[in-house]
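Here is a note for a colleague who is opening this model for the first time. Please read the points with the structure in view.

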Amino acid sequence: MRQRLYPLEDLEDIPGTTVFTAKRSRQAYHLHKFCMSLMDADNRNAFKADERAYLDRFRMTEEQKQAVLDRDFNGLIELGGNIYFLVKLSNTDGWSTQKAVGSMSGMTADEYAAMMRDGGRSPEGQRSKREGN
Amino acid sequence: MARITAGIATSHVPAIGAAFDQGRDRDAYWAPVFAGYEWVKGWIRDNTPDVVILCYNDHASAMMLDIVPTFALGFAEEFEPADEGWGARPVPTVIGDPDLAGHLAEQLVIDDFDLTIMNAMDVDHGLTVPLSLMFGKVEEWPCRVIPLAVNVTQFPTPSADRCWQLGRAIRDAVAAYPEDLDVQIWGTGGMSHQLQGSRAGLINPEFDVAFLDKLANGAEDLRNITRLEFLREAGSEGIELIMWLIMRAALGPKVEELHRFYHVPASNTAVGHTVLRPA
């Protein structure tokens, strides 16, 4: 068996970063099924007409449903979600990917857009919780 | 005999596709991005391949929910642009090459790559944005395309070295194909970006430029970058850069860099683009 090049826990060592694993993928399966259902215009209309009723068609947890209703993207990622599924929701809302992504950064959309125009977030101090570099 | 004549790498940011489709490519924000692709649009008019093997990742459009293939080869005659939540991009249907794809699948499995075969799938911005950037607005794409989808989303992704090995095997497989075909290989995605959490918006120009430098000269070193290092240095979505290594390895030991472009930002992402030719 091949040796790992680093301890698996190191994947948890990156600040503000949740690594999407098979386990998380399973945890979010029904949430993601909901997200992918929004690739169909009829489903998007049904969701917009009554978000709660539409969400109840899926075997998602109550927390996942609430986080969708709140458009709480950090919460959705904590509950197993991955951004490539979640943007189906923000696309349905007519949000840009930048707006959806920026909503997780603790900044306003304008602040986030300005940071990106200025060259983005520096990796300095953002590489490792342990090393603080 | 078929031969790989060139490799192209490019980011495949969805917002670039939206700007392209909505005619915002001359806006102050987008003009510098599209200017970086003017050179390749001219070059590819004179160097249009018969087939592009296009390495990209599916963004939870055709896979990733029920099936998560590490490497998936598109086998259909046609691939429709996917509806990613705001209607499908108004771009032509992508025409495949099931004959060459069949040859690749056979040869790559013999070479110990346990490929998934996709007999039907839609293709998302990961595949269609690069086509728009190279070919512009067209009625139909000027060449056939074999999609090669790589899992860069769910851990563990394939390693950089595994992608390198796959690229080398693709080179051998193409060279063994009896038909006289001009084949290009494209690696897409990247460069540094992170689309989640409090570290969202991470951009690392030092890492990106070093990666571009090595791609042209010293690419073997890139095989040793671990998944963890990609995440730390290039952001959680920057690991898409492993797909560039499939492209690079398929070009053989030495390359000539014909063109390079780097720009920050496009939406959340550092845009990188290079055109390489086997030397």
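1. From the N terminus on, chain A runs α-α-α-α-α-α-α-α-α. That is nine helices and zero strands. Helices (H or I, at least four residues) and strands (E, at least two) are DSSP runs, numbered from the N terminus. The C-alpha atoms of chain A fill a box of roughly 50 × 45 × 20 Å along the principal axes.

2. A word on the source. This is a predicted model, in which local features need pLDDT of at least 70 and side-chain atom pairs count only at pLDDT 80 or more, while totals for chains, interfaces and linings use all residues. Residues are numbered from 1 along each chain as its sequence is written, and chains are lettered from A and ligands numbered from 1 in the order in which they are written.

3. Burial and contacts in chain A come next. Of its 133 residues, 39% are buried. A residue is buried if 20 or more other C-beta atoms lie within 10 Å of its own, exposed if 12 or fewer, and partly exposed in between; C-beta atoms are placed from the backbone. Among contacts in chain A with a separation of 6 or more, 54% join residues 24 or more positions apart. Two residues are in contact if their C-beta atoms, placed from the backbone, lie within 7 Å.

4. Now chain B. Its secondary structure comes to nine helices and ten strands. Buried residues make up 56% of the 279 residues. Residues 24 or more positions apart account for 82% of the contacts with a separation of 6 or more. The C-alpha box is roughly 50 × 40 × 40 Å along the principal axes. A compact globule with 279 residues would have a radius of gyration near 19 Å, and the 17 Å of chain B agrees. The radius is taken over C-alpha atoms; the globule rule is 2.2 Å times the number of residues to the power 0.38.

5. What is the order of the eight strands in the open sheet of chain B? It is S6-S3-S7-S2-S8-S1-S10-S9, with mixed pairing. Strand S6 (116-118) and strand S9 (255-266) are the edges, each pairing on one side only. The twist averages 20° from one strand to the next. Two strands pair if DSSP finds at least two bridges between them.

6. Follow S1(B) through its partners. Seven bridges join S1(B) to S8(B), and the two run parallel. Here Thr10(B) stands opposite Thr188(B). With S10(B), S1(B) pairs in the antiparallel sense over four bridges. Gly7(B) has Leu276(B) as its bridge partner there. Six of the eight residues of S1(B) are buried, so the strand is largely enclosed by the rest of the structure.

7. Nine bridges join S9(B) to S10(B) (residues 269-278), and the strands run antiparallel. Arg260(B) stands opposite Thr274(B), and His263(B) stands opposite Val271(B). Two residues lie between the strands, and Ser267(B) in the turn has a positive phi of about 60°.

8. Which strands does H6(B) lie across? They are S1 (3-10), S2 (51-56), S3 (71-74) and S8 (182-188) of chain B, and H6(B) runs at about 145° to S1(B). Helix H9 (residues 242-249) of chain B packs on the sheet too, touching S1, S2, S7 (144-150) and S8, and its direction makes about 155° with that of S8(B). Axes are lines fitted to C-alpha atoms, for helices over the stretch in contact, and angles run from 0 to 180 degrees between N-to-C directions.

9. The largest nonpolar core has 117 residues. Leu54(B), Ile170(B), Met243(B) and Ile246(B) have the most contacts inside it. Helix H6 (residues 160-175) of chain B gives the largest share, eight residues. Such a core is a set of buried Ala, Val, Leu, Ile, Met, Phe, Trp, Tyr and Cys residues joined through C-beta atoms within 7 Å. Beyond four places in sequence, Leu54(B) is in contact with residues including Leu127(B), Val145(B) and Trp186(B).

10. Last, the interface. 35 residues of chain B are in contact with 48 residues of chain A. On the chain B side, H8(B) supplies the largest share, four residues.
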